[in-house]
Amino acid sequence: MSRVAEEFQLDLSFTVIFWEGAFLLHIYLDADACPVKAETYKVAKRLGLKVTVVANSWLSVPERSTIKLVVVSDGFDAADDWIVEAVEPDDIVVTSDIPLAARCIKNGARVLGPKGKLFSEEQIGEALAKREILSELREQGVVTGGPAPFQPKDRSRYLQALDQVIQAIYKDHPQMR
């Protein structure tokens with residue numbers, strides 16, 4: 001088989017990538033401020049996963065046929081809009097952007113934060129509400145800080161959560177192994 005990937009419909013529920021005899025899971029990275037790009041590339045290489053890195057400016061990515069960089073305009077939410085348009089059910093999206101997470105979950109994607117938090121349909125509404133409240137408090141000067149700095153333990157939590165998401169997808173869709 002050539003090194004060109006072929007896309008096709010499977011069970012009419014999602015598009016999968018067929019690459020040299022195997023179905024590939026697809027990870028989308030909301031990459032501009034993503035601290036776990038290198039970890040994602042390593043996992044993707046080890047497991048043979050496809051990664052699309054979406055950013056507002058050029059970034060260096062490993063030269064592999066399964067990793068693609070998409071540079072979008074600097075427009076407001078341009079990267080988010082591109083990801084939402086491209087993502088399919090059971091794709092994995094890595095982002096710390098709560099509104100983007102909500103939009104991707106609505107499309108059936110599995111969404112993971114870079115600190116290892118798995119966003120689910122059950123709790124995304126609460127996360128959006130909390131984000132809105134904190135935004136209002138910041139505007140009033142009540143809250144001035146942001147999220148806690150990224151720590152080494154966050155990398156570990158992210159890798160564990162990514163593995164759990166991948167295994168859950170494989171369990172739901174054994175043909176993707």
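Which residues of strand 4 point one way, and which point the other way? In this predicted model, His26, Tyr28 and Asp30 are on one face of the strand, while Ile27 and Leu29 point the other way. Whichever way they point, all of them are buried. Strand 4 is thus a mostly covered piece of the chain, with five of its five residues buried.

Now for the helices. Helix 1 covers residues 37–47, and its buried residues are Lys37, Glu39, Thr40, Tyr41, Val43 and Ala44. As background, an α-helix has 3.6 residues a turn, so residues three or four places apart point the same way. What do the buried residues of helix 1 pack against? Their neighbours are strand 4 (26–30), strand 5 (50–55), strand 6 and helix 5 (152–172).

The meeting of helix 1 with helix 5 can be described in more detail. The two helices pack at an angle of about 35°, and their axes are 11 Å apart. Their crossing is right-handed. On the helix 1 side, the residues involved are Glu39, Thr40, Val43 and Leu47, and they meet Arg155, Tyr158, Leu159, Leu162, Ile166 and Tyr170 in helix 5. Sorted by class, this contact holds seven nonpolar residues, one polar residue and two charged ones. Glu39, Thr40 and Val43 have already come up as buried residues of helix 1.

Helix 2 (residues 78–86) and helix 3 (residues 98–106) pack at an angle of about 15°, with 9 Å between their axes. Because of that angle, helix 2 counts as roughly parallel to helix 3. Helix 2 also passes helix 3 in a right-handed crossing. Helix 2 brings Asp80, Asp81, Ile83 and Val84 to the contact, and helix 3 brings Leu100, Arg103 and Cys104. These residues split into four nonpolar and three charged, with no polar ones.

Finally, two loop residues are worth a look for their backbone angles. Asp77 is not a glycine, yet its phi is positive, at about 60°. The residue lies in the loop between strand 6 and helix 2. Asp90 is another non-glycine residue with a positive phi, near 70°, and its place is the loop between helix 2 and strand 7. Is each of these buried or partly exposed? Asp77 has a relative accessible area of 31%, which makes it partly exposed. Asp90 comes out at 12% relative accessibility, so Asp90 counts as buried.

Definitions and conventions. Residues are numbered from 1 along each chain as its sequence is written. This is a predicted model: local features need pLDDT of at least 70, side-chain atom pairs count only at pLDDT 80 or more; totals for chains, interfaces and linings use all residues. Side-chain values use heavy atoms; hydrogens and water are left out. Axes are lines fitted to C-alpha atoms, for helices over the stretch in contact, and angles run from 0 to 180 degrees between N-to-C directions. Helices (H or I, at least four residues) and strands (E, at least two) are DSSP runs, numbered from the N terminus. Angles under 35 degrees count as roughly parallel, over 145 as roughly antiparallel, 65 to 115 as roughly perpendicular and the rest as oblique. A crossing is left-handed if the near helix is turned anticlockwise from the far one by less than a right angle, and right-handed if clockwise. Contact means heavy atoms within 4.5 Å. Ala, Val, Leu, Ile, Met, Phe, Trp, Tyr, Cys and Pro count as nonpolar, Asp, Glu, Lys and Arg as charged, and the others, Gly among them, as polar. Buried means under 20% relative accessible area, exposed over 50%, partly exposed in between (1.4 Å probe, protein chains only).
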